[in-house]
Amino acid sequence: MSRSSRVLVTGGAGYVGSHVARLLVESGYDVTVVDLLRDHGGTGNRWAVPKAARFFQGNCGDPVLLRSLLPHGESFDAILHFAAFILVDESVREPLKYFENNVVNSLRLFSFARETGVPSVIFSSTAATYGQATSDLLTEESPQKPINPYGVSKLMTEQMLRDVFSTGDTRFVALRYFNPAGAHSSLEIGQSRPEALHLVNVAAEAAVGARKKVSIFGTDYPTQDGTCLRDYIHIEDLSDAHLEAIRYLEKGGASDFFNVGYGRPYSVNDVIATMKEVSGVDFEVNTAARRAGDPAKLAADPSKIRRVLGWIPKHDSLKEICRSHYLWEKKRREERI
Ligand SMILES: NC(=O)c1ccc[n+]([C@@H]2O[C@H](COP(=O)([O-])OP(=O)(O)OC[C@H]3O[C@@H](n4cnc5c(N)ncnc54)[C@H](O)[C@@H]3O)[C@@H](O)[C@H]2O)c1
């Protein structure tokens, strides 16, 4: 019997990485996770890593650690690279921290991939690389003009992928996530960062009584209800996109970039109303001025990922996203996870 494919998951103790690591284990992959963890300068939680995965606490840009993960002369079949810092506001205040972690550590990881001949690399990119939307639905060819150091660091890493792997045997897929939300259906893992300021998370926190109110930043945008529109995507559909990406590369697919969203944006008001409906809690909402740099609408044209990777979303429902995020938030507060 041939051995299972060996995959390295960086940042596999974080929100997205832990969901994908779990799906990979369930799909028969031999998973190794490297993560800094919360107490060592990262944001991940050891308990979020699947039990069947090997785990190493450390930096994904540490060549000594990376080389120690497998016996000399052996290599990974794929690397899925989630590890990064992701707070936009913090990136504005501390850009060097973002370039050091998101760009320099990615460079070291890609160098390891090249030197050890890893055939497939999957990279977590973001809609933040587009900056302000220039069209109704963003395609992969839409201009990329990030408006904060976080987005710049991700675009620089995309560029490195292109150049570093333009020769050699490694092919890559970069997935540009839109707005991931929701939790795993088991309710064993979900968003667990205290500083997570995404709207669905903030609304779920208000619904469970962990925050007093939700603020709507701007009600005068040129949208149907005046609030911003975003393309929320269920974390389990996002996880599936990674599985499709790895299979695509295993079958010899060419290096490429894909949006991951539904192409069906919802407004801030829609999210608040849906969270109130699924939780049955009428939490307080106030309106505030627009925040600098918030585009009126950000939504993906998902036709490429559907066509090329064969990705078929199964949870394209704002209600389902809000319900699973709320149930997880409730559980983690009750059980002090
Ligand atoms: N969550 C989102 O809204 C979103 C949207 C678009 C793109 N992304 C991308 O998805 C990826 C995962 O995001 P997330 O929401 O799961 O964030 P997260 O903070 O929950 O997870 C990131 C994980 O990476 C770890 N990490 C950071 N730097 C590391 C390093 N140098 N070495 C090892 N581990 C390190 C952290 O400890 C954490 O566990 C990131 O690359 C992010 O840019 C996230």
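The model is predicted: local features need pLDDT of at least 70, side-chain atom pairs count only at pLDDT 80 or more, and totals for chains, interfaces and linings use all residues. Residues are numbered from 1 along each chain as its sequence is written.

**Exercise 1.** Find out how the radius of gyration of the protein chain fits the globule rule.

*Solution.* 
- Take the radius over C-alpha atoms; the rule is 2.2 Å times the number of residues to the power 0.38.
- For 337 residues, a compact globule would come out near 20 Å.
- The protein chain has 19 Å, which agrees.

**Exercise 2.** Work out the strand order of the open sheet of 7 strands, and name its edge strands.

*Solution.* 
- Strands are DSSP runs of E, at least two residues, and helices are runs of H or I, at least four, numbered from the N terminus.
- Two strands pair if DSSP finds at least two bridges between them.
- The order is β3-β2-β1-β4-β5-β6-β11, with parallel pairing.
- β3 (54-57) and β11 (256-260) each pair on one side only, so they are the edge strands.
- Inside the sheet, β1 (residues 6-10) and β4 (residues 78-81) share 4 bridges, and V9 has L80 as its bridge partner in β4.
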